[in-house]
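Dear colleague,

I am handing over the structure below, and after it I set out what was found. Please read the notes with the model open beside them.

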Amino acid sequence: MLRTFSVFILCAIFVVPLDAAATLDAAVPVLRFTDGGLTRAQFSQTMNMFEAVFAPYAARDNRTFEILSDWNEAWPQAFARRWETDHLIVYGGIARIPGSTVDSFALTLCHEVGHLYGGEPFGDEHNRMAVEGQADYWATSECWEKIIHELPLREGSVSDRGVAAAIVLSAFFAANRNLPAPRVETPDTSVAERTNLTHPLPQCRLDTYVAGLEMNERPRCWWAP
Ligand SMILES: [Zn+2]
């Protein structure tokens, strides 16, 4: 069941550095978003749907999956952690990043669920948490198909909607780093010598989302097989 946990926020903020590999983006944004984006109902409905869809993933290991959220917190952040329960922590600001839609919010949640259930490569062998690039790839290669039909109807194919959502998120990641917004037409052609265990650059992340939607292999800009 979805719970709002105001008191929890205080400790969650201190937990983030320990769980840095599981945050949406390592660069903590200075911006805070109080307006725009999703309605509170859309925010809650989307998370309720995710809890229902992914509860069976946790149940396979006799675990539970729960999303803790605070709509009023303007910090644009979400992260995953595996404690006694498989948790996503989601702040309202993430639903209010510029250009936010229910689809882009859902893609954020897919990324976070990807840390929990997206498989290897793991950033944390003990917790079996997927690295950032893998969480991005799983978000579009596995999660997107499972949740898209549960979202409000919108124009566009499953893939087009995924690309549109990925453009919103990667533009936000780029803004956090003072980089130009990534574009589908300008993929990152760099080749990682070793698998990147942290957040790939925003263009590389967009490429990864697109690769997952098109069922192509993971981009070499972060992945070293
Ligand atoms: Zn992440």
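I begin with helix α3, which is mostly covered: 15 of its 16 residues are buried, where a residue is called buried if 20 or more other C-beta atoms lie within 10 Å of its own, exposed if 12 or fewer, and partly exposed in between, with C-beta atoms placed from the backbone. Please keep in mind that this is a predicted model, in which local features need pLDDT of at least 70 and side-chain atom pairs count only at pLDDT 80 or more, while totals for chains, interfaces and linings use all residues. Residues are numbered from 1 along each chain as its sequence is written.

The end C-alpha atoms of α3 are 22 Å apart, which agrees with the 22 Å that its 16 residues should span at 1.5 Å a residue, the expected span being 1.5 Å times one less than the number of residues in the helix. After α3 comes Gly-119, whose phi is positive, near 80 degrees. Glu-120 and Pro-121 are then joined by a cis peptide bond, with omega about 0 degrees, and Pro-121 itself sits in the loop between α3 and β5 (122–124).

As for the overall layout, the protein has 6 helices and 6 strands, which are DSSP runs numbered from the N terminus (helices H or I, at least four residues; strands E, at least two). Their order along the sequence is β-α-α-β-β-β-α-β-β-α-α-α. Of the 225 residues in the protein, 45% are buried. Two residues are taken to be in contact if their C-beta atoms, placed from the backbone, lie within 7 Å, and among contacts between residues at least 6 apart in sequence, 62% join residues at least 24 apart.

The largest nonpolar core has 46 residues, of which Leu-88, Val-90, Leu-109, Cys-110, Val-113 and Ala-139 touch the most other members. Helix α3 gives the most to this core, with 8 residues. A nonpolar core here is a set of buried Ala, Val, Leu, Ile, Met, Phe, Trp, Tyr and Cys residues joined through C-beta atoms within 7 Å. Leaving aside neighbours within four places in sequence, Val-113 is in contact with Phe-50, Phe-54, Leu-88 and Cys-143.

Helix α2 (residues 40–59) contributes Phe-43, Thr-46, Met-47, Phe-50 and Phe-54 as its buried residues, and what covers them includes β2, β4, α3 (102–117) and α4 (132–147). The helix bends by about 35 degrees at Val-53, with a proline, Pro-56, following within four residues; the bend is the angle between axes fitted to the seven residues ending there and the seven starting there. In the loop between α2 and β2 lies Asn-62, which has a positive phi of about 55 degrees although it is not a glycine. Asn-62 counts as exposed because it has 6 C-beta neighbours inside 10 Å.

Strand β2 runs parallel to strand β4 (residues 86–91), to which 6 bridges join it, two strands being paired if DSSP finds at least two bridges between them. Within this pair, Glu-66 stands opposite His-87 in β4.

Towards the end of the chain, the buried residues of α5 pack against α3, α4 and α6, and they include Ala-165, Leu-169, Ser-170 and Phe-173. Just after α5, Asn-178 takes a positive phi of about 55 degrees. The loop between α5 (158–176) and α6 (202–213) also holds Pro-182, which counts as buried because it has 25 C-beta neighbours inside 10 Å. Not counting residues up to four places away in sequence, Pro-182 touches Ser-170, Ala-174, Pro-202, Gln-203 and Leu-206. The C-alpha atoms of Pro-182 and Ile-167, which are 15 residues apart along the chain, are separated by 7.4 Å.

Finally, Met-215 lies in the segment after α6 and has a positive phi of about 55 degrees although it is not a glycine. With 9 C-beta neighbours inside 10 Å, Met-215 counts as exposed.

With best wishes
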